Each structure stands twice: as C-alpha cells, then as structure tokens.
Amino acid sequence: MDQQLYDFGMIGLGVMGRNFLLNVADDGFGALGTDINEESVSALNEEGKDMRVKGVATQQEFVQLLSKPRKIMLLVPAGSIVDKVIEGLLPLLDKDDIIIDGGNSHYEDTDRRYAYLKTKNIRFLGTGVSGGAKGARLGPSIMPGGDRSAWEDVKPILETVAAKVNGEPCVTYIGESSSGHYVKMVHNGIEYGLMQLIAEAYDILKRVGGMSNDDMSALFSKWNDGRLNSYLVEISANILKYRIEDTDEHLLDLILDKAKQKGTGKWTSQSAMDLGVPIPTIDAAVTMRAISAFKEYRQDNSKLYKDIHPEMPELTGPGFAESVEKALYFGFVTCYAQGMQLLAEASKEMKYDLDLEGIARIWRGGCIIRAEMLEKIRHAYGTREGLFNMMATEEFRHDLFDCRESVVELLHQANERGVPAMCLSTSLQYFEVFRSERLPLNMVQAQRDYFGSHTYERTDQTGVFHTAWDARSIHKAGDETDRTGPGEAATLKPSGGAKGQ
C-alpha cells in the first residue's frame, strides 16, 4: 500500500468535490479523496494523474493515508447522509481530528453536529462554499464556522484554495457553532433575490421595451462594465445571446418558465420571520419560484384575463434602458441591505459575533453573488460599528434617491401592461416603509386591542392601554381606579382573546 500521507481529504467526489480537491492539489498540498461511486474515484485519479492526488475506494484506507490531525471535508448532499458519513468516520478517527461539512446543511443541523462532535473530541467546521463547480476548481468563496482551533489548522489550505481579490483570500473565520452555514444560507437568500430582480428586468425589457435577446445581451454586458458589475449580470448577458447549435433559435426562449429550488431561500425567509427581520425582496423571490410551479393554472388564467390590459406602444430608446438599469441597481442595493440586516440581527440573537465587513469582503470574489457593489458594502460596515441598515449610509443614500423615480415610473409602465415585477415592487416598498416616519400600524394595533384585548401604547401619554371599544372607555395598565368615560384611565383587565394575532 502507498504509505505517502496526504494533507487534505475529501469525501464526496462529485463535480464539486473533485474540483475542490484538484484545487487543493494545484497549490502543492497532498489531496486524497473517496466516494462510494467507483466511477467518481476513477475520475479523480484520471484528472489528477499528474498531481499529488489520489482516490481510494474505502474509508479505512482513506483515513490511514491522511496526516494527523486529519482534515476531512464532506461534500455530500445535506441531511441524513451527512450524519451517516460522520458516524462511519468516528470509529476511525483520533482525538482532535477535523471534520468539515462543506455542503448546504441547515444551520440547526450544524449546531447539533457541532455539539455532538465536541463530546467525541472531534473538531467540526460547518463551512459554506460558494462558486459552483467552476469556483470550486479555480477559487470559491469559503465561509467556515465552528471550532476556532480547527480553523487555524486548515487556514493555510483554505486561504490558498479560495478566490483572491486584490491579493486577499475570499475566506475568513465566520464564528462559532453554525455561523458559517448560516452566513451561506443568507448568501443564497440574497442570490434568490438578485436572480429574480434580473429576471424581472429582462421581462420588462422584452415585454415593455420589445427588445431582442441580442440587444438585451449587449445591454447587460454594458451594465456589467458599470456599477452593476457582478457575476449574475455577466452570465445573464451570456445566456441571452446563446443560440442552439446550427440554428438561429435562442435557447433561453425554449426553457420552461418553472424554477426549482433546494431550500436555502426558504430557510432564509423562515429564519428572518423567526427573528422579526423584514426581507421582502428575498421573500418575494422565494414566492415567485413557488408560483412558477403552477404552470397549467397560469396558462388557464392568462386566457381568462387576456383582455384586462389595453394594447400600449413599446417603450424604446436610451432613456428606457437607463430606467431599467437604475431600477435593477435599486433592487440590488435593497436586496443586499435586507440580507446584511438579517445577518446583523442573527449575530446578536445567536451570539455569532459576525464581522459583517469581513463577510462582505469574502463575498467580493468566487461566490455567486460577487459584485462590485460589495466593496461599497464592505466599506459601509467597516467604518460604522453597529450599523442597522446600509440604505441610510453615504455609500448608498444618494444612489437610492436618484434611482427611486425611475423605479416608480418603470413599475407604472409594467403594471399598465400586466407585466409582473414582484421583487422590484417589494424593493420599492421596503425603501418607502423605512423612510416613512409614521406607518398605519396604529390601526392594526387598535384592531388587535378591539378583538383580543392586546393593549396599545399612545403618542401623548406613557403606559400601556386597553379600551373597551364598545363601551367607549379607555383603561391604562397599572391604574387601580375604575373611571368610565372617554379618555379616562381604568383598571387594565387581563388580556384575553386570540393570543399572538
């Protein structure tokens, strides 16, 4: 048996796992892999035949050939398979060996595994990896969270493997427990929002502006040279111009309008709801994927309502394209703002102690949501401790103000023609809500008190109040007198009714 010891091990040799491992080997580290699929093992040995790479068939041989402390990364499907692989490894490992879960595991599963492996004296890192198969091979963005000493041991390898921006590696220690997977989850939630915003911009350009795919491709390429510079805008330009071989047909026009999802966007929305953080653009993007699944129903409804919107002329010219660019930029800013605010609140609630400047920094390269805008986001969080929301900062305030009128007008034009733009609409409303000094939620609180005695506060007096609305009497909490009549305080009776409504 070959007794050469390897620096880094990978379980799961699909395209992502193989590419990541070959990336490790590119930089001089010995890379070892295993998989239950013999073809995947053979593929690694073939692709890495001129490198310090080896694929083996069994976990026993795999563990024996790793230098100590063993550094083992899992790139297997999230869920029970991760637990099964971990349980299979445990009898073969020694104290202080390291397991790295590089899949899209739910952060609560990561918390559980982190605590469990501590009892086994195994160090654990729940690690988000973004960039797809190409990123894994050439340099991804990496988000490790968990045991800090484990991070220190794998840091030289991960910093070498990660994407680089201005010489800085797109990897940093995120924090304890499940923080790495939580940050990757929010990254994916932002990704959902950005993708849907781009899709809506494409739809408006096509259905309101009557632009061809080739013209839109050229426009997206132009935008990618400006402030919308980003991976998603870049690939959208490439998608728009792609033709089926030996034909003049664009492939995009033949792709069914049903978008699937793997759950990370939904998890982001669920976590935000639990924490009370508004992320309406991301929520709308998740909703749009769900709506897209009802293709037959949409087709039937389109026939019932086909005459609801009058025929209107197409909007053309540089002014229209400029408005769409401004609207898309506006949507990008609000989408990032929602994700960053969610991270800030989760950091406090879950005691992650996240470095938001550092997170924005490592998202600048390698990952799917990499964009020029992240440099401004990095600066905003790096110069303001405890920043609540980046929309109010000097970096973005003037841009949002400048773009708002274009968003309003574009949505007006889309609405007149029946072109849905749910994410762009929620982006505008998110902005409007946070710049409104007063909201109509006084009515909601009055309704809650009316049917459920849930109490309310007032603008002209301190305290907590309840009104017997039918009797026209007001009760102030803590006052033991019982005076009836409008505006007079009375004993607050125990709240009843529909709790939590």
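**Exercise 1. Find what share of the protein's residues is buried, and describe the overall build of the chain.**

Solution. In this predicted model, buried residues account for 50% of the 501 residues. Next, take the secondary structure: the protein has 19 helices and 11 strands. For the overall extent, the C-alpha atoms fill a box of roughly 90 × 65 × 45 Å along the principal axes. Finally, look at the contacts between residues at least 6 apart in sequence: 65% of these join residues at least 24 apart.

**Exercise 2. State how far apart the centres of domain 1 and domain 3 are.**

Solution. Start with the bounds in the domain assignment. Domain 1 covers 8-177, domain 2 covers 184-256 + 280-294 + 307-343 + 350-434, and domain 3 covers 441-492. Taken over C-alpha atoms, the centres of domain 1 and domain 3 are separated by 59 Å. Then check confidence. The mean pLDDT of the protein is 92, and 93% of its residues reach 70 or more. Over residues 480-500, however, the pLDDT is below 50, although this stretch has 47 contacts in the model beyond near neighbours in sequence. Where pLDDT is low, predicted coordinates should not be read in detail.

**Exercise 3. Determine which residues of helix α9 are buried and how they are arranged around the axis of α9.**

Solution. Helix α9 spans residues 213-224. From first C-alpha to last, its 12 residues reach 16 Å, close to the 16 Å expected at 1.5 Å a residue. The buried residues of α9 are N213, M216, S217, L219, F220, W223 and N224. Viewed down the axis of α9, the buried residues fall within an arc of 165 degrees, so they line one face of the helix. Their packing partners are α8 (179-207), α10 (231-241) and α14 (318-350).

**Exercise 4. Identify the partners of R378.**

Solution. R378 lies in helix α16 (residues 373-382). The side chains of R378 and E375 are joined by a polar contact of 2.7 Å.

**Exercise 5. Locate P69, N121 and D246, and describe their backbone geometry.**

Solution. The background is that most residues other than glycine have a negative phi, and most peptide bonds are trans.

- P69 sits in the loop between α3 (59-64) and β4 (71-74). The peptide bond from K68 to P69 is cis, with omega near -10 degrees.
- N121 is in the loop between α5 (107-119) and β6 (123-130). Phi of N121 is positive, near 60 degrees, and N121 is partly exposed at 41% relative accessible area.
- D246 is in the loop between α10 and α11 (264-275). Phi of D246 is positive, near 65 degrees, and D246 counts as exposed at 77% relative accessibility.

Note on methods: Residues numbered from 1 in each chain as written. Predicted model: local features only at pLDDT ≥ 70, side-chain atom pairs only at ≥ 80, totals over all residues. Heavy atoms only, no water. Helix = DSSP H or I, 4+ residues; strand = E, 2+ residues; numbered from the N terminus. Expected span 1.5 Å × (residues − 1). Buried < 20%, exposed > 50% of the residue type's maximum accessible area, 1.4 Å probe, protein only. Arc of directions from axis to C-beta. Contact = heavy atoms within 4.5 Å. Domains from an automatic or database assignment. Polar contact = N/O pair within 3.5 Å; in protein donor to acceptor, adjacent residues only side chain to side chain. pLDDT = per-residue confidence, 0-100. Lists of a residue's contacts leave out its neighbours within four places in sequence.
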